[in-house]
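Keep the sequence and the model side by side as you read.

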Amino acid sequence: MSFSISPHQLSCCPRLPPEYCRISCSINRTANADIQRFEDAKERIRNMFQKAELSISAYDTAWVAMAPSPAAPNTTCFPGSIDWILENQLCDGSWGVLDHRDTSLIKDSLSSTLACVLALKRWSVGEEQMTKGLDFIVSHFASAMDEEQHSPIGFDVIFPSMIEKALNMEVNLHLAPSDIDAVLRKKDLELKRIRGKDSKARNLFLAYISEAMGGPQDWKMVMDYQRKNGSLFNSPSTTAAAFSALQDPNCYSYLSSVLQKFANAVPTAYPLDAYFRLHMVDTLQKSGINGHFKEEIASALNETFRLWEQGNEEIFSDVITTRMAFRLLRDDGYDVSSELLAEVHDEDCCFHQFGGHSEDIRSALELYRASQLRIYAHESYLEKQATNSRHFLEGKISEHSTLADRLRKNLIQEARCSYMHAFSIEHQRRLLGSSPFCFTVLLQLAKDDFSYCQSIHFQEFKQLQRWLAECKLDQLAFSRQKLSYCYFSAAASFSSPELADARVSWAKNGVLTTVVDDFFDVGSSEEEQLNLIQLFEKWDADKRIQTCSENVHIIFSAVRDSICEIAEKACTWQDRNITNHLVEIWLSLVKSMWKEAEIARNKSVPTEEEYMDNGYISFALGPIVLPALYFIGPKLSEEVIRSDEYHNLFKLMSTSGRLLNDYQGFQDDGFTSDDMKDVVKAVLHDPID
């Protein structure tokens, strides 16, 4: 939709430059409705942080319904669950997923429907519902053997086990004996494969699918996984299976509390508060709309950090939650130790928790993402897991299967979009589509926010085009025209409307540094170069300048005006005058470019130390990055910008950029240099102590 800028939205962005206030704010009835929808969506998402919206699982509810009462084994312990099953069959005879047009969910429907049929048969009720359910199973049974369709965790063991259970209960399945034999053989093969795993991975997986194991299950081993809330893995179906076998009072308390909360039904997993909060933060960040929920995200991360510090099992009992918590906390600046990851979950747990299911891929992918946040040299665990998780994922991607194709596409999309703000609405669907958490609301908000930001970026770019012409920079024949590149590198990095000043500063200085670089390389005489340096040394923004050529006049005037404009805007952010700092940055740059020009004129060869001492400055990130910092975060005092830490961070960033640029230049020119490769690798891959 066309999402115009409203007065309300402008009030949410107090640091938007004045020119945006001149954008037409005429709002018709349709626009008002759009704005109200936008605000309603934000409010609903805020509320989701307070209460997780979990979908009911017919499959888990059926296993809870099958649990017998300890006092009267011939009756169900939870009759309300039976009532829920009787009242919630879908019109096609199935239970569970509403939309069977999505073939990836057919196996889930088959499992849910057969479990509900078994629950009704167990207590001899719902003959009509059972018949409809069996008809659905027969008509879709071929999907159970389809390797290309997505399978719920443990499907190849659980579904055949339920078939066996149905036969033992004398349920007439109306299936060909050959089909039954085929699915049972598949179960035997899957169990053989699982039992060949390491004992820890094997026990974990077999405990997780306890409802499928029946009598042969090692319940003592299973109960080792019981959590403080009485559940097994926070899974109602697994907990119900344990309760049916052992009548454990803690299992009963857990199941009763969940049934009470969800009105006689249960979700697939509960509680999911910690995971849900992290999933919400991650999804909002990937969707590019996290700027609207800063308070909620900060609160969620603070609570996550509190649980992390306590070693709470809500964080550490689930491998995916643990790694997501580590990644999001460290990325936001929290002091979290990677050593705790190694202590809580070993490598085998990371990659084989779910018996080779797609959840293992999610676990490995989350580990790979977390391992990229290695910042200390002693974090050998992250270094090791960065390699291991990459190899695991590469192995999965190389497999010939629908799951591998889906993983490959998702990884490519994530890599392409990781530096952009919602530049692909289809990517938003893929990011959110796998989540049951209010996808429609999140997607619409992401689309609306994208349209809004895009309208602002369009206005900014048009103003920059006018600025380029007014400064006559487009008349300099020797200079490359890099406005589009300079602006979109900023828009892709910090797209929020309130960061307009930072984007414009970045883009203008990117253009100006390109012009100055070309000026020293090919567009000037030695006299002109010295004249430009002298103008910066004698800086006076109020006096007429004396230049030796029109080109010097155009360049210095454009830089001077930009410095004055940026300093004036930054004063409202920083409450102080930063002009001297900006002039120093530019003076340092032109002097470094003069040195390179002198080397070229004299055909001399600098030492490696001389080259790097000058090269990190001449790479020209100083005027681009450092002024923009004044517009994107906390106030930067004079003490901060003069500190060693500030300078060292700038030097490291610029050195990395310089070496990458030189390395690419060697490749483009057909050169190979082992020395250069070693230097680049050392700078880019050795973390800071």
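Start with E303. At 25% relative accessibility, E303 is partly exposed. The side chain of E303 meets that of R306 in a salt bridge, 2.5 Å from N to O. A salt bridge is a side-chain nitrogen of Lys or Arg within 4 Å of a carboxyl oxygen of Asp or Glu. R306 is partly exposed too, at 39%. Both residues sit in helix 16 (residues 294-310), 3 residues apart, so about one helical turn separates them. Helices here are DSSP runs of H or I, at least four residues long, numbered from the N terminus.

This is a predicted model: local features need pLDDT of at least 70, side-chain atom pairs count only at pLDDT 80 or more, and totals for chains, interfaces and linings use all residues. Residues are numbered from 1 along each chain as its sequence is written, and side-chain values use heavy atoms, leaving out hydrogens and water.

Now move to R327. Its salt bridge partner is E366, with the closest N and O atoms 2.5 Å apart. This pair links distant parts of the chain: R327 is in helix 18 (residues 319-331), E366 is in helix 21 (residues 358-371), and 39 residues separate them. R327 is buried at 11%, and E366 is buried at 3%. Both belong to a network of salt bridges that also includes D282, K286 and R369.

Finally, find R642. R642 bridges to E638, the closest N and O atoms being 2.8 Å apart. R642 is partly exposed at 43%, and E638 is partly exposed at 37%. In total, the structure holds 33 salt bridges.

Terms used
Helix = DSSP H or I, 4+ residues; strand = E, 2+ residues; numbered from the N terminus. Buried < 20%, exposed > 50% of the residue type's maximum accessible area, 1.4 Å probe, protein only.
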